[in-house]
Amino acid sequence: RLFSLEIVKPLHTTLTSLAGSDDYAALREVVAEPRVHNIFGDGRAFLRRSERQYDIIEADALRPTSAYAGNLYSQEYFELLRSRLKPHGLAVTWAPTERAKRTFLSVFPYVVHYEPDVSMLIGSNEPITWDAAAMTRRLQHPFSVAHYGSASEELLQSYVEMFATVQPTFYGPEFDRTGLADLNRDLFPRDEFMTPAAD
């Protein structure tokens, strides 16, 4: 089962309305997907209230300097994600700053840092297998072709090229984390406060 948490409930109402009038197949797919269970409220609070574990947890996070963005880039938040993963589960986040990256690395023993156009972090409690050839094959499956093609014809090809040309950086338990400092914390979200990075 797929859960979608949205804190701004009218956004879903607006998207549903637009899907009925706009000639945009990808939007219709999003609002009509029967596997998705939409929940409206604070996603972090939802995770804290439940002991349910997940295969993948991903947040479309705010810009790091936006109000309350610190709740999605703090050490405590990443620890919550880690505690809610199934074995070999993945936590995914945007890494808009080096401080956010350091904070994520301080929590997860296994991390993949992927930087095609934007900086993305994938964390897990277990080693992460990265098989670009397998991902490319899956992108060529008829389901994937139809799914991504509904958004734009160029999107699918851009993903294929991305996996072929961009090599991620891997971090494991052997990576020395003792020097990771100047992190985001719940009570001091440094990125949100635009605190200059430590030298």
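Which side chains meet in a salt bridge at 2.9 Å, N to O? The side chains of R35 and E33 do. The views below come from a predicted model, in which local features need pLDDT of at least 70, side-chain atom pairs count only at pLDDT 80 or more, and totals for chains, interfaces and linings use all residues. Residues are numbered from 1 along each chain as its sequence is written, and side-chain values use heavy atoms, with hydrogens and water left out.

**View 1. The salt bridge of R35 and E33.** A salt bridge is a side-chain nitrogen of Lys or Arg within 4 Å of a carboxyl oxygen of Asp or Glu. Side chains of opposite charge can pair when their charged atoms come close. E33 counts as partly exposed, at 24% relative accessibility; buried means under 20% relative accessible area, exposed over 50%, and partly exposed in between (1.4 Å probe, protein chains only). A search of the whole structure finds nine salt bridges.

**View 2. The salt bridge between D182 and R99.** The closest N and O atoms of this pair are 3.1 Å apart. The two residues link distant parts of the chain, with D182 in the segment after β7 and R99 in helix α5 (residues 98-105), 83 residues apart. Helices (H or I, at least four residues) and strands (E, at least two) are DSSP runs, numbered from the N terminus. D182 is buried, with a relative accessible area of 15%, and R99 also counts as buried, at 5% relative accessibility.

**View 3. The salt bridge between D182 and R102.** Here the closest N and O atoms are 3.1 Å apart. D182 lies in the segment after β7 and R102 in helix α5, so this pair ties together parts that are 80 residues apart in sequence. Salt bridges with shared partners join R99, R102, D182, R190 and D191 into one network.

**View 4. Backbone of D182 and Y68, two residues with positive phi.** Phi of D182 is near 60 degrees, although the residue is not a glycine; D182 follows β7 (169-171) in the chain. Y68, also not a glycine, has a positive phi of about 70 degrees. Y68 lies in the loop between β3 (54-58) and α4 (75-83) and is exposed, with a relative accessible area of 63%.
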